[in-house]
Amino acid sequence: MRHFIIVDMQKDFVTGPLGTPEAKKIVPKIKKRLEKAREDGSRIYFTQDAHTLNYLKTLEGKKLPVPHCVVGTKGFDIVDELPPLKRKETLILKNQFGYADWYRKINPGDTVTICGVCTDICVVSNALLIKAIGEVNVKILADCCAGTTPEAHEAALTVMQNCQCEIVGWKKEGK
C-alpha cells in the first residue's frame, strides 16, 4: 500500500505567525506531488497541528510562546492551494508534533511518502514514528519540506537519512 502524508501545511505555518519564505515556496511543489499521489491511488493524509486557546499554558506553549493553529481559526486551516478531497482523504488532528497512531493506518511493507512543515519538528517526528512500525519504506520529499530555518531543515534531513529514510531530491548544502 502507498501512503502520501502532507504534514501541517496550515496557514499559520505558511503565511501566519510561524510562516517562512521556504514554506511558501514549497506549496506549488506539494500541489504537484499531491496530484500525482491522487492519480496513483495512494492513501492521502493531511495532518493538522490542533491547539486550543490554552496553548500558552501547555509545555509546548511555554517553550514556543507563539499561539498558532488554534482549532476554529483561519490559521488552523490547510492552505487554500491544497484542499483535501472530502470523504476520500483523511485529516489527522494532532496536538503534539507526531501522530502516535500511525500503526493503525500503516503496515509493514507499505511505502510512505512525506512532505510538509516543519522538517525539523513535525516532519521528522512523524517519519520516525512511522519507521518505528518496522519494515516501512519511508520517503521524504526534501524539496517539498521546509524547516524552521534552512539549517534546521538540513539537520532534520540528516537525522532522517541516518534513520534509514530515503531522502528524495536532496541537494546537501555545500556539496
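Is Asp-40 buried, partly exposed or exposed? Asp-40 is partly exposed, because its relative accessible area is 27%, where buried means under 20%, exposed over 50% and partly exposed in between, computed with a 1.4 Å probe on protein chains only.

## Basis of the model

This is a predicted model, in which local features need pLDDT of at least 70 and side-chain atom pairs count only at pLDDT 80 or more, while totals for chains, interfaces and linings use all residues. Residues are numbered from 1 along each chain as its sequence is written, and side-chain values use heavy atoms, with hydrogens and water left out.

## Salt bridges

The structure holds six salt bridges, a salt bridge being a side-chain nitrogen of Lys or Arg within 4 Å of a carboxyl oxygen of Asp or Glu. One of them joins the side chains of Asp-40 and Arg-2, with an N to O distance of 3.7 Å. This pair links distant parts of the chain, since Asp-40 sits in the loop between α2 and β2 whereas Arg-2 belongs to strand β1 (residues 2-7), 38 residues apart; helices (H or I, at least four residues) and strands (E, at least two) are DSSP runs, numbered from the N terminus. Arg-2 counts as partly exposed, at 42% relative accessibility.

The side chains of Asp-49 and Lys-94 also meet in a salt bridge, at 3.8 Å from N to O. Asp-49 lies in strand β2 and Lys-94 in strand β3, so this pair ties together parts that are 45 residues apart in sequence.

## Aromatic cluster

A pair of aromatic rings is described by the distance of the centres and the angle of the planes. Rings of Phe, Tyr and Trp (its six-membered ring) pair if their centres lie within 6.5 Å, and planes under 30 degrees apart count as stacked, over 60 as edge-to-face and the rest as tilted. A search of the whole structure finds two aromatic pairs. The rings of Tyr-45 and Trp-102 have centres 5.5 Å apart and planes at 85 degrees, so this pair is edge-to-face. Tyr-45 is in strand β2 (residues 43-49) and Trp-102 in the loop between β3 (90-94) and β4 (111-117), and the pair thus links distant parts of the chain, 57 residues apart.

Tyr-99 and Trp-102 form an aromatic pair that is edge-to-face, with 5.0 Å from centre to centre and 85 degrees between the planes. Ring pairs link Tyr-45, Tyr-99 and Trp-102 into a cluster. Tyr-45 is buried, with a relative accessible area of 4%; Trp-102 is buried as well, with 1%, and Tyr-99 is likewise buried, with 16%.

## Largest pocket

The largest pocket has a volume of about 370 Å³. On a 1 Å grid over the protein atoms alone, a cavity is a set of points where a 1.4 Å probe fits but cannot get out, and a pocket is an open set with protein on both sides within 12 Å along at least five of seven lines; lining residues have an atom within 4 Å of a point. Grid points are joined across faces, edges and corners, and the volume is the space filled by probe spheres set on the points.

Of the 17 residues that line the largest pocket, Lys-25, Ala-142, Asp-143, Cys-145 and His-153 are the closest to its centre. The elements that give two or more residues to this lining are α2 (21-39), β5 (137-146) and α5 (150-162). By class, the lining has six nonpolar, four polar and seven charged residues, with Ala, Val, Leu, Ile, Met, Phe, Trp, Tyr, Cys and Pro counted as nonpolar, Asp, Glu, Lys and Arg as charged, and the others, Gly among them, as polar.

## Backbone features

Most residues other than glycine have a negative phi, and most peptide bonds are trans. The peptide bond from Val-117 to Cys-118 is cis, with omega near -20 degrees, and Cys-118 lies in the loop between β4 and α4 (119-131).

Arg-87 has a phi near 70 degrees, a positive value in a residue other than glycine. Arg-87 is placed in the loop between α3 (59-63) and β3 and counts as exposed, at 87% relative accessibility. Gln-164 also has a positive phi, near 70 degrees; Gln-164 lies in the loop between α5 and β6 (166-168) and is exposed, with a relative accessible area of 64%.
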